[in-house]
Amino acid sequence: MTARTILPGIGHNSSIAVGTGFRKYAWKRARKELISARVPLEIVRIRVRRAQELGLAYPQYASILLGSGRDITGFLFTVGGLQLRLRRQLEIPDHVRAKFGALQRVDRLVLSPHGEAADAFREELEAVTATTISAAAPEPDSTASWGAARDAVLALLKPLKLPRDAVVMVGADGHDDDWAGAAHLAGFIASQDFFRPQTP
């Protein structure tokens, strides 16, 4: 049994690649006639208006229209196509900022996102929170072994000579809890619990 080519239905302006024999010949001939034929002035005006709607010069639009046989119905943009410069600015909830700044007689330590420079992250976080942070280090990779996670956390404590059993980790997900356990810290508190507004 041979594979049968499924052709578009009536009214579909299929491309030259679709079909064989007479269909291919007819498509080529129609396109040639369209390119060489004089287009009525009103059609040109409609196409010029459409090109303006799309933000294209008329020759660009006409070339695409003749090449595809159909109007443009969408644009797919890339980052490079939009000439974007990706920027990230830290944002922190007001109640978290307030509690973070209100901590007293305790070192504030932070783990920066994996792959981001810890010192730059610390400086940005200090600017956003208007609070001094004692030290920062990159967080362990999410696929890090137990030993690698332990070493990453303890490397943050070592310069300050902080004992591991005097440090509590405040974190968000399962990885954070695992890191606290690997380093044998004093404990782990989920962020939503630590920063939950206190009721009088």
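The paragraphs below go through a predicted model, from its overall layout to single residues.

The protein has 200 residues, and 24% of them count as buried. Its chain forms nine helices and four strands. Read from the N terminus, the order of these elements is α-α-α-α-α-β-α-β-α-β-α-β-α. Contacts can also be sorted by how far apart the partners are in the sequence. Among the contacts in the protein with a separation of 6 or more, 45% are between residues 24 or more positions apart.

Helix α2 covers residues 41-54 and helix α3 covers residues 58-68. Their axes come within 9 Å and cross at roughly 105°. An angle of 65 to 115 degrees counts as roughly perpendicular, so α2 is roughly perpendicular to α3. Which residues bring the two helices together? On the α2 side they are Val44, Arg47, Val48, Arg50, Ala51 and Leu54, and on the α3 side they are Tyr58, Tyr61 and Leu65.

Pro59 is also a residue of helix α3. Is Pro59 buried or exposed? Its relative accessible area is 60%, and the cut-off for exposed is over 50%, so Pro59 is exposed. The C-alpha atom of Pro59 is 9.2 Å from that of Val48, and the two residues are 11 apart along the chain.

The next topic is the nonpolar cores. The largest nonpolar core has 11 residues: Ala149, Val153, Leu154, Leu157, Val167, Met169, Trp179, Ala180, Ala182, Ala183 and Leu185. Two elements give two or more residues to this core, namely α7, residues 146-157, and α8, residues 174-182. Helix α7 gives the largest share, four residues.

Val153 can be taken as one member of the largest core. Which residues does Val153 contact, leaving aside its neighbours within four places in sequence? They are Met169, Trp179, Ala183 and Leu185, and these four residues are listed in the largest core as well.

The axes of α7 and α8 come within 8 Å and cross at roughly 80°. That angle is in the range from 65 to 115 degrees, and therefore α7 and α8 are roughly perpendicular to each other. Helix α7 makes this contact through Trp146, Ala149, Arg150 and Val153, and helix α8 through Asp178, Trp179, Gly181 and Ala182.

Aromatic rings are another feature to look for. How many aromatic pairs does a search of the whole structure find? The search finds zero. A ring can also have a charge over it, and Phe100 provides an example: the charged end of Arg108 sits over the ring of Phe100, 5.7 Å from the ring centre.

The last stop is a set of residues in loops. Ala130 lies in the loop between α6, residues 118-129, and β2, residues 135-138. Ala130 is not a glycine, yet it has a positive phi of about 55°. Its relative accessible area is 71%, so Ala130 is exposed.

Lys161 is in the loop between α7 and β3, where β3 covers residues 168-171. Lys161 also has a positive phi of about 55° although it is not a glycine. With a relative accessibility of 74%, Lys161 counts as exposed.

Ala172 is placed in the loop between β3 and α8. Why does Ala172 count as exposed? The cut-off is over 50%, and the relative accessibility of Ala172 is 60%. Ala172 and Ala190 are 18 residues apart along the chain, and their C-alpha atoms are separated by 5.6 Å.

Technical notes:
Residues numbered from 1 in each chain as written. Predicted model: local features only at pLDDT ≥ 70, side-chain atom pairs only at ≥ 80, totals over all residues. Heavy atoms only, no water. Core = buried A, V, L, I, M, F, W, Y, C linked by side-chain atoms within 4.5 Å. Buried < 20%, exposed > 50% of the residue type's maximum accessible area, 1.4 Å probe, protein only. Contact = heavy atoms within 4.5 Å. Phe/Tyr/Trp six-rings, centres within 6.5 Å; stacked < 30°, edge-to-face > 60°. Lys NZ or Arg CZ within 6 Å of the ring centre and 35° of its normal. Axes fitted to C-alpha atoms, helices over the stretch in contact; angles between N-to-C directions. Parallel < 35°, antiparallel > 145°, perpendicular 65-115°, else oblique.
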